[in-house]
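Here are my notes on this model. Please read them with the structure open.

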Amino acid sequence: MLPSQLQDVIESTKTGASRRFFLKAGAATGGVLMLGLYGCAQGEARKNGELNAFVKITPDNSITIMAKNPEIGQGAKTLLAMLIAEELDADWSHVKIEQADLNTDTYKGQYAGGSMMVTENYTPMRQVGAATRAMLIKAAAKQWNVPEGECTTAQSTITHKASGKKASYGSLAAAASGLEVPELKSVVLKDAKNFTLIGKPTVGIDSPRLVKGAPLYGIDVEVPGMLYAVFQKCPVFGGKVKSANLDEIKKLPGVVDAFVVKGGSTQVFEAEGGTASTGLLPGVAIVGKSWWQANKARKSLKVEWDEGPYANQSSEGFAATAKKMFAAAPTLPLRKDGDADAALKSAAKTVSLSFDYPFLAHVTLEPQNCTAHVADGKCEIWAPTQLPEAARGLVATTLGMELKNITIHMTRCGGGFGRRLMNDYVVEAAWISRAVGKPVKLLWTREDDIHHDFYRPGGWHKIEAGIDASGKPVAWKHHFVSFGKANKFASCAGMPPDSYPAGRVPNLTFGASLIETGVPMGPLRAPSENALNWVFQSTIDELAHEAGKDPLAYQLELLATAEKQPGRLSASRSRGVLEKVAQMSGWGRAVPPRTGLGIAFAFCHLGYAALVVEAAVAKDGAITINKVWAAVDVGRQIVNPMGAENQCQGGIIDGLSHALNEKITFAKGRTVESNFDGHPPLMLAQVPPIEVQFVLTDNRPTGLGEPPMPVIIPALTNAIFAATGKRVASLPIDPKLLAV
């Protein structure tokens, strides 16, 4: 499930991938071969200014590959270059990678999100490399007067075996740049058995610089003449400024300016899958000669707020409203198969379960920040953003500028997880820069970040399910309370009607009731599934125990029938990861008292993941996770096994943080938690050993940022149930409820 804006970008990428895409730079490159992927249709007139390069080869035989997508820590910068370099037969030790700016005339799909990096780029990037190689071969064959088919390539060198001639790519780059470029569909890609780089564990291109603290992130940007800004927004969602002591603030040391930003439209809640957009929220900007001075001045700021219509909302109030909603029928039907009420009455056994989970913040390690310079009708932006094209659009709309006058430089992001799909901090920086007429770096504090996130929505579930005499599920009645209004879910608050096991239970009803709120919501890693999969997989585990069956065997029985679900879930791939992780973990083996093994799986963002957790619960309820095993199927090829393993481990650690530690609560219309002490990620000492293995299947390679993440919570809570007989019904897990 993706924000609609992201989905639009993905769709445009699909279109661009089918077009002819190579252009030569000619004499202007000065002996440098430059090949670019462009969005123009074949035969259209093109100007030099419309070109952009993916590959640059200089006479010294160094190869520079442009990274078109944002790097949010998922390894895209290295991974996409590997795809090009593999087909190019480049010497990886001489490859450099440069971050491209936003350039939608040349590149397609400049975004990071939805685990789509591999899915959308696996073939097009390889074609870029293969076509570059073909031009170099053609240049060599022409120079040597030999057939192209007799030339071979390896390690950035072309060889003609019969004559013994060799030439470096660098020596041929100028000649190759003058040749006709190949059609995209004409290039022949390598057989996977001949890969020398794809599939090889490869260190991230930025890693050496990262460990040295080199400036790569948005927070590191420095621009000549730059000022620094803080932006104080109303702590209550939907509030606005009535008055502020600006004259006093302007007199404080280092303060250059202070002013009220009236703000634009109020918060917008779109239907499920939509991107919540705020435009520009109201607040008070303080601009200083240093960020420390600006932020110190903020401590003297006195603002009278109009707190708006949501000032009395709270987490307690949401829970009370949900309880009332459960007393009535759902107001929003989602799915109805058969007759669940009748099937429950005739079932051999029934279970009634409830689950709830809190709102969550993203807490990217690098807080939100942006540097902007608006002057003379132009806007230049340096931003850590997952959606640079959307950032440009938001700035254009809010500041009334033309897109062509806005330049976006993408910096490395210190974490994304969906938070940087929103660009509120970008438009704030641009607005403040225009107001003061200087380049400005806006930097949020950690408290700003937690108080003004687009939170993962909380939710409540009531489920009644029934099994027949053989243990097979025959009834499932599910009432979900979430957030939204006018019978439309808020962003990422919904429940897909094809959620597993829908389609495998003959009598099934999904329905929802919605609470209206001012809390902004948005996607967080594995949107929707990150919480819903815990509910579904916990319920299935409960039914397995009620049926007296092994939870693994129960899942395999459910997946034994039809190959595909309406939601594209493949039963065979699901079984494959379950069986693999069972083999890895020694599923079914004896474990010590108050120790349990839990298993779960998910189909998420085109990938399949199954996890087993071994957890021990002490008598006081303290939880020790002894080990996690993960089997993951994302198709036939793992491009960078090192990065892939890191992605899986990161997702699992994220999920454990959600399960054990993290929650956001609200009181008086505002966020209670302020920093990591109230919303702590998993500590190093809590991180268990995590073993990851990939199940290769003959399917299109897809991404890994999200698939394992929704699986870890149910695998853990199912392990706790196996250890204690207590079903975890509320997150984060309260150890006191597990004590004996």
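Which strands does helix H4 lie across, and at what angle does H4 run to S7?

1. Helix H4 (residues 169-176) lies across S5, S6 and S7. H4 runs at about 80° to S7. Helices (H or I, at least four residues) and strands (E, at least two) are DSSP runs, numbered from the N terminus. Axes are lines fitted to C-alpha atoms, for helices over the stretch in contact (heavy atoms within 4.5 Å). Angles run from 0 to 180 degrees between N-to-C directions.

2. This is a predicted model; local features need pLDDT of at least 70, side-chain atom pairs count only at pLDDT 80 or more, and totals for chains, interfaces and linings use all residues. Residues are numbered from 1 along each chain as its sequence is written, and side-chain values use heavy atoms, with hydrogens and water left out.

3. The sheet is open, with three strands in the order S5-S6-S7 and antiparallel pairing. Two strands pair if DSSP finds at least two bridges between them. S5 (151-154) and S7 (165-168) are the edges; each has a single partner strand, so one side of each has no neighbour in the sheet. Neighbouring strands are turned by 20° against each other on average, direction ignored.

4. S6 (residues 157-160) and S7 are joined by four bridges. Thr-159 has Lys-166 in S7 as its bridge partner. Helix H3 (residues 117-144) also packs on this sheet, touching S5, S6 and S7. The direction of H3 makes about 45° with that of S6.

5. There are zero disulfides (cysteine sulfur pairs within 2.5 Å). The Cys-379 sulfur lies 7.9 Å from its closest cysteine sulfur, in Cys-370, so it is too far for a bond.
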